[in-house]
There are 2 protein chains.
Amino acid sequence: MNPEGMLLVISAPSGAGKSTLIRMLCRDFPGFGFSVSYTTRPPREKEVHGKDYFFVSREQFQGLMEKNFFAEWAEVHGNFYGTPAQQILDSIREGRSLIMDVDVQGARQIKNSLKRGVYIFVFPPSLEELRQRLMQRGSDPAGVIKNRLQNAVLEIQKSDFFDYWLVNDEINASHARLKAIVMAEMLRPSFNPDLIRKITSGERHDS
Amino acid sequence: MNPEGMLLVISAPSGAGKSTLIRMLCRDFPGFGFSVSYTTRPPREKEVHGKDYFFVSREQFQGLMEKNFFAEWAEVHGNFYGTPAQQILDSIREGRSLIMDVDVQGARQIKNSLKRGVYIFVFPPSLEELRQRLMQRGSDPAGVIKNRLQNAVLEIQKSDFFDYWLVNDEINASHARLKAIVMAEMLRPSFNPDLIRKITSGERHDS
């Protein structure tokens with residue numbers, strides 16, 4: 001009996017520090033991969049089909065939607081993006097762990113359709129600090145920042161279904177806490193389904 | 001809204017290293033206390049009523065049993081031992097965290113009657129290593145060790161209801177994993193019930 005892989009689903013308002021945390025986590029646990037999404041948006045330079053995205057036509061995408069191919073999908077700026085359900089389930093069943101970086105609505109849909117996974121929501125320590133971080137990035141005009149802050153409030157209000165809440169007040173402390181979540185989740189019985197049999201039959205288990 | 005305390009219930013076969021791990025954990029998280037059990041056994045020298053145990057008569061104990069006072073109880077070598085349910089619930093509701101060190105049967109009873117808590121089972125890396133550790137302790141004759149090993153197999157076989165399985169192959173690694181479990185459990189929404197309101201109303205949260 002092989003243990004399943006872990007499905008780690010991480011959401012956060014823009015500017016909360018999620019991408020940095022995910023990068024740090026991937027260094028700690030190099031076994032984690034990313035799921036590859038489907039999109040109708042045209043590939044950008046250097047983007048590789050099957051690695052960055054599966055690039056499909058609107059007709060193909062809609063055909064897949066109708067077959068319930070996607071664990072979640074969304075339309076953003078006129079393009080469709082979707083997460084393939086079966087590929088994720090196959091990955092996990094074969095023992096490969098995945099990190100998914102999705103918005104709150106996507107996380108909820110994935111939880112409802114796949115019925116598994118570890119769901120982490122990253123909070124900023126305050127809205128004021130989030131505003132300052134977004135301004136310091138310098139990439140967004142004031143109107144976009146205002147819009148991101150309003151979205152942040154909406155996302156935070158819907159974050160009650162997550163398994164863990166991580167307040168990113170200081171990046172190294174948050175990194176340690178995120179690592180602790182993954183370490184702890186690896187100690188779940190479902191992650192070691194053969195342990196009772198192994199130990200009681202006289203075998204040895206090393207972590 | 002104050003967060004509840006954490007109820008950490010730890011079980012392990014004799015010799016798996018549970019007591020050492022609990023001692024290490026108490027240094028990491030000095031906020032954890034221990035629940036005080038009731039017993040009909042006479043106090044030993046230096047034992048303090050209300051600190052080491054609540055020492056009661058058999059009649060008192062049986063009266064309490066009949067009132068469902070105990071989350072779990074057991075008879076060991078002719079003496080009764082019981083864990084008071086209400087005191088534990090009061091402690092937790094008042095925000096005080098507790099560690100309970102009980103056998104597998106006691107852990108199951110506590111889980112069934114209190115319907116909360118984080119349940120951790122500590123495995124030895126193998127039965128052979130457990131036998132060696134028990135022999136190295138030098139405190140038990142061969143017959144007692146054989147008995148402890150048989151009990152270990154029975155406890156391991158019934159450990160499927162625990163939330164986390166910790167294989168104690170190396171004490172420092174196990175300590176880090178146990179610490180990770182507690183760190184992760186502190187990030188549960190139930191441990192931070194006020195967070196959404198706090199952040200969305202413009203307050204700041206520092207961990």
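## Two copies, one axis

To compare copies, chains are superposed by least squares on the C-alpha atoms of residues with pLDDT of at least 70 in both. This is a predicted model. Here chain A can be laid on chain B with an RMSD of 0.0 Å. The move is a turn of 180 degrees with a shift of 0.0 Å along the axis. That is the relation of a two-fold axis. In chain A, A:Ala180 has the C-alpha nearest the axis, 2.2 Å from it.

How do the copies meet? Of the interface residues of chain A, 100% are also interface residues in chain B, so the two copies meet through the same surface.

## Chain A in outline

Chain A has eight helices and nine strands. Its C-alpha atoms fill a box of roughly 65 × 45 × 30 Å, taken along the principal axes. Of the 207 residues of chain A, 32% count as buried.

Contacts in chain A reach across the sequence. Among those with a separation of 6 or more, 69% join residues 24 or more positions apart.

## The nonpolar core

In soluble globular proteins, nonpolar side chains tend to be buried together. The largest nonpolar core in this model has 78 residues. Those with the most contacts inside it are A:Ile120, A:Phe123, B:Ile120 and B:Phe123.

B:Phe123 has partners in both chains. From chain A, it touches A:Leu195 and A:Ile199. Its contacts in chain B include B:Ala16, B:Ile156, B:Trp165 and B:Leu166.

## Strand S8 of chain B

Strand S8 of chain B covers residues 118–123. Five of its six residues are buried. S8(B) runs parallel to S1(B), joined by four bridges. Within this pairing, B:Ile10 stands opposite B:Ile120.

S8(B) also pairs with strand S9 (residues 164–167) of chain B, in the parallel sense and over four bridges. There B:Phe123 stands opposite B:Val167. B:Phe123 also touches B:Val167.

## Helix H4 of chain B

Which residues of helix H4 (residues 104–114) of chain B are buried? They are B:Val104, B:Gly106, B:Ala107 and B:Ile110. Seen down the axis of H4(B), these buried residues fall within an arc of 160 degrees, so they line one face of the helix. An α-helix has 3.6 residues a turn, so residues three or four places apart point the same way.

What covers the buried residues of H4(B) includes strands S1, S5, S6, S7 and S8 of chain B. Helix H6 (142–157) of chain B is also part of the cover. Just after H4(B), B:Lys115 takes a positive phi of about 55 degrees.

Note on methods
Residues are numbered from 1 along each chain as its sequence is written. Chains are lettered from A and ligands numbered from 1 in the order in which they are written. This is a predicted model: local features need pLDDT of at least 70, side-chain atom pairs count only at pLDDT 80 or more; totals for chains, interfaces and linings use all residues. Two residues are in contact if their C-beta atoms, placed from the backbone, lie within 7 Å. A residue is buried if 20 or more other C-beta atoms lie within 10 Å of its own, exposed if 12 or fewer, and partly exposed in between; C-beta atoms are placed from the backbone. Helices (H or I, at least four residues) and strands (E, at least two) are DSSP runs, numbered from the N terminus. The arc is that of the directions from the helix axis to the C-beta atoms. A nonpolar core is a set of buried Ala, Val, Leu, Ile, Met, Phe, Trp, Tyr and Cys residues joined through C-beta atoms within 7 Å. Two strands pair if DSSP finds at least two bridges between them.
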